[in-house]
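Visitor: I have a protein model to read, and I am new to this. Could you take me through its features one at a time?

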Amino acid sequence: RIHAGGLNSTVKKPWEVWTVDGVKVFGAWGAKMVALPAGKYIVKTSGAKIKITITDGQTSIFSFTGY
């Protein structure tokens, strides 16, 4: 079994998901939902870098209105 969760982004601009080791794993423009392995990630959007944690079996909501 792969431990995974969801990331539901409501961002209306380009955004990217990166591992804490600096590997890009996903990129999108606009609101999307993506499944990711459980763990720690960095979401980059509009020049901001926000740390998030994906928890097994749960969906995290990511909303960013700055910049």
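Guide: Start with the elements. Helices (H or I, at least four residues) and strands (E, at least two) are DSSP runs, numbered from the N terminus. This protein has zero helices and seven strands. From the N terminus on, the order reads β-β-β-β-β-β-β. The radius of gyration is 11 Å, close to the 11 Å that the globule rule gives for 67 residues, so the protein is as compact as a globular protein of that length. That radius is taken over C-alpha atoms, and the globule rule is 2.2 Å times the number of residues to the power 0.38.

Visitor: Where do the coordinates and the numbering come from?

Guide: This is a predicted model: local features need pLDDT of at least 70, side-chain atom pairs count only at pLDDT 80 or more, and totals for chains, interfaces and linings use all residues. Residues are numbered from 1 along each chain as its sequence is written, and side-chain values use heavy atoms, with hydrogens and water left out.

Visitor: What does the C-alpha trace span along its principal axes?

Guide: About 40 × 25 × 15 Å.

Visitor: How do I read a sheet?

Guide: Look for pairing. Two strands pair if DSSP finds at least two bridges between them. Here, four strands form an open sheet in the order S3-S2-S5-S6, with antiparallel pairing. Strand S3 (24–29) and S6 are its edge strands, each pairing on one side only. From one strand to the next, the twist averages 25°. For angles like this, axes are lines fitted to C-alpha atoms, for helices over the stretch in contact, and the angles run from 0 to 180 degrees between N-to-C directions.

Visitor: How many bridges join S5 and S6?

Guide: Seven, and the two strands run in the antiparallel sense; S5 covers residues 39–45.

Visitor: How do I judge whether a residue is buried or exposed?

Guide: Buried means under 20%, exposed over 50%, and partly exposed in between (1.4 Å probe, protein chains only). In this protein, buried residues make up 30% of the 67 residues. The accessible surface comes to about 4,300 Å², of which 57% belongs to carbon and sulfur atoms. Such areas come from the Shrake-Rupley method with a 1.4 Å probe; for residues, only the protein chains shown count as cover.

Visitor: Is Val43 buried or exposed?

Guide: Val43 is buried, at a relative accessible area of 0%. Val43 lies in strand S5.

Visitor: Which residues does Val43 touch?

Guide: A contact means heavy atoms within 4.5 Å. Not counting residues up to four places away in sequence, the partners of Val43 include Leu7, Trp15, Ile50, Ile52 and Phe62. Now zoom out. Among contacts between residues at least 6 apart in sequence, 46% join residues at least 24 apart.

Visitor: How many salt bridges are there?

Guide: A salt bridge is a side-chain nitrogen of Lys or Arg within 4 Å of a carboxyl oxygen of Asp or Glu. The whole structure holds two salt bridges. Arg1 and Asp56 form one, at 3.0 Å from N to O. Arg1 lies in the segment before strand S1 (4–9) and Asp56 in the loop between S6 (48–54) and S7 (59–62), so the pair ties together parts that are 55 residues apart in sequence. Arg1 is exposed at 75% relative accessibility, and Asp56 is partly exposed at 28%.

Visitor: What does Glu16 pair with?

Guide: Lys24, with the closest N and O atoms 3.2 Å apart. Glu16 is partly exposed at 25%, and Lys24 is partly exposed at 44%.

Visitor: What should I know about phi?

Guide: Most residues other than glycine have a negative phi. Ser46 has a positive phi of about 50° although it is not a glycine. Find Ser46 in the loop between S5 and S6. Ser46 is partly exposed, with a relative accessible area of 28%.
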